[in-house]
Each structure stands twice: as structure tokens, then as C-alpha cells.
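I am opening my notebook on this model. Entries follow in the order I looked things up.

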Amino acid sequence: EDIPVITIDGPTASGKGTLADQVAHALGYVILDSGSLYRACALAAHRGEVDLDDGEAVAAVGANLNLSFKNGHVWLDEEDISEDLRREATGLMASQVAAHPAVRAALNQLQLDFRRLPGLVADGRDMGTDVFPDAGLKVFLTASAATRAERRHKQLISKGISANIEGLRQDLEARDARDKNRAASPLHPAADAKMLDNSAQSIEESTQRVLAWWAQTR
Ligand code: C5P
């Protein structure tokens, strides 16, 4: 059999990253946080003073990224960029560069390289629709905008960063709109995706749900 893949796609702050971590941990699988690649590409382009609206120029940056992943941290060249990657401003820049087809193409092989034994859990926007269309299980994770804004707010507060829930909600919705309405790989569930709304679910419940679906496919 081919190397197994579980994809988890969905909008911003739906909890994809946490769910993907839990599922990968339970199965001992490799994890791909594809958003971090778009974030790193945007950050590298921004630092190099490349115009983020110039798809070919940003794609050239993406094709030459020197990234490494260790213990949940991301290194660009010799620098740990994990903290810069998580910033909201970096997420917005990422969604800007992610709209260019040339950038998506440049990051495609990098994502495919994560498919290693014993298996992969990949989270993002187009994992099940474009990058791993043959995945054995595709999950489309959603939560209400209010729930997502509240979770993001709690996260920030716990890091000592003050934030306004209404402002966060508007940022999330703006980013979702851009991801859904772009021409290149827009955010949408794959025809064969399992829909999971975790607004009223704990992370343990969502994890168990996905593991049960996975067991059914085996
Ligand atoms: O998931 P995360 O918030 O880290 O992603 C940042 C941005 O990168 C998203 O808003 C989206 O525009 C883009 N992205 C994408 N395709 C993916 C993952 C992320 O277009 N597979």
C-alpha cells in the first residue's frame, strides 16, 4: 500500500493544528503544518523586500527556502523563526502570497516530501483537494466564527498579549474570505471529506472521532 495520509483542512483557527498534532501523536505519524510553509515563504519574501503581489518573485523565494523542522520549531537558514511565524501579521501575509498559483506550485514538492512512513497527517486549506487527493481519510474541520475568535483570544491572553475579540473575528473572517474566494486552490471541502464541526467539542472528542474514522478505513 502507498504511504497512508490523513488530511485535515478548514478555515483559520478552527483547531486544525491541535487536532493534527493529537492524531499524528496517537498514530506515530509524521506531521505537515502546510500553513507554516506559506508563512515562512511570506516572511522570507517580506524580509528580502520582495513585493508580495509579485507572484513569480515570491515563488522564486519559495523555491529556494532553506527550512528545517525540529521539535515543533521551524528554522529558516540558521534562525529559529517559530515565534515570527505565529504572528497574526505573518498569517495575513501568508494568505496574500498563497493566492498566487506560482507560489502554490513552488511549495507543492516541499509538501509532498513530508509523505514518509509510517504515515502522514497534513493540515491546511487544500491538503485533501489538491496536494494529497488520494488521502485515505479527509477531514474538513469547522467551528463558528465566534468560537474561533474566542479561542484565538484565549491563546493570545495566555501569552500575555492583549487583543480585542471583535477585531480578531473580523481578521479571521477577512482571511477566510480571501482563502475561499481565490482562484488558485480555494478553501472548500473535498467531495469525499468527512465534515467535523468542533464548536461544542473538546479536542479529545474530535481526536477520537478522527481516529474512529481512520480505523474504519483500515
Ligand atoms: O493555517 P495557517 O493560518 O498557518 O495558514 C496561513 C495562510 O496560508 C492561510 O490563511 C492560507 O491563505 C494559506 N494556506 C494555504 N494553503 C494551505 C495552508 C495555508 O493557502 N495548505
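This is a predicted model: local features need pLDDT of at least 70, side-chain atom pairs count only at pLDDT 80 or more; totals for chains, interfaces and linings use all residues.

**Entry: strand 1**

I began with strand 1 (residues 5–9); five of its five residues are buried, so it is largely enclosed by the rest of the structure. Buried here means 20 or more other C-beta atoms within 10 Å of the residue's own; exposed means 12 or fewer, partly exposed lies in between, and C-beta atoms are placed from the backbone. Helices (H or I, at least four residues) and strands (E, at least two) are DSSP runs, numbered from the N terminus.

Residues are numbered from 1 along each chain as its sequence is written.

Which way do the residues of strand 1 point? Val 5, Thr 7 and Asp 9 point one way, Ile 6 and Ile 8 the other, and all are buried. In a regular strand the side chains alternate between the two faces of the sheet.

Five strands form an open sheet in the order 2-6-1-7-8, with parallel pairing. Two strands pair if DSSP finds at least two bridges between them. Strand 2 (30–33) and strand 8 are the edge strands, and each pairs on one side only. Neighbouring strands of this sheet are turned by 20° against each other on average, direction ignored.

I then went through the pairs:

- Strand 1 and strand 6 (residues 120–124) run parallel and are joined by five bridges. The bridge partner of Asp 9 in strand 6 is Gly 124.
- Strand 1 also pairs with strand 7 (residues 137–142), in the parallel sense, over four bridges. Ile 8 has Val 139 as its bridge partner in strand 7, and Asp 9 stands opposite Phe 140.
- Strand 7 pairs with strand 8 (residues 194–197), in the parallel sense, over four bridges. Val 139 stands opposite Lys 194, and Thr 142 stands opposite Asp 197.

Helix 10 (residues 203–217) packs on the sheet and touches strand 1, strand 7 and strand 8. Its direction makes about 160° with that of strand 7. I checked how such angles are taken: axes are lines fitted to C-alpha atoms, for helices over the stretch in contact, and angles run from 0 to 180 degrees between N-to-C directions. Strand 7 is mostly covered, with five of its six residues buried.

I found another open sheet, of three strands in the order 3-4-5, with antiparallel pairing. Strand 3 (67–70) and strand 5 (79–80) stand at the edges with a single partner strand each, so one side of each is left without a neighbour in the sheet. Strand 3 and strand 4 (residues 73–76) pair over four bridges. Phe 69 stands opposite Val 74 in strand 4.

**Entry: the ligand shell**

Which residues come nearest to the ligand? Of the 15 residues around it, these are Gly 35, Tyr 38, Ser 95, Ala 98 and Gly 124. A residue is near a molecule or strand if its C-beta atom, placed from the backbone, lies within 6 Å of it.

Helix 2 (34–47), helix 5 (88–97) and helix 9 (165–181) each supply at least two residues of the shell. Helix 2 gives the most, with four residues. By class, the shell has four nonpolar, six polar and five charged residues. Ala, Val, Leu, Ile, Met, Phe, Trp, Tyr, Cys and Pro count as nonpolar, Asp, Glu, Lys and Arg as charged, and the others, Gly among them, as polar.

**Entry: helix packing**

I looked at helix 5 again. Its buried residues are Thr 90, Gly 91, Met 93, Ala 94, Ser 95 and Val 97. What covers them includes helix 2, helix 3, helix 4 (82–86), helix 6 and helix 9.

The axes of helix 3 (residues 55–63) and helix 6 (residues 101–112) come within 8 Å and cross at roughly 10°. The two helices are therefore roughly parallel to each other (under 35 degrees; over 145 is roughly antiparallel, 65 to 115 roughly perpendicular, the rest oblique). The residues of this contact divide into nine nonpolar, two polar and one charged.

**Entry: Ala 44**

Ala 44 is buried, with 21 other C-beta atoms within 10 Å. Leaving aside neighbours within four places in sequence, Ala 44 is in contact with Val 61, Leu 65 and Leu 76 (contact: C-beta atoms, placed from the backbone, within 7 Å).

Methods
Two residues are in contact if their C-beta atoms, placed from the backbone, lie within 7 Å.
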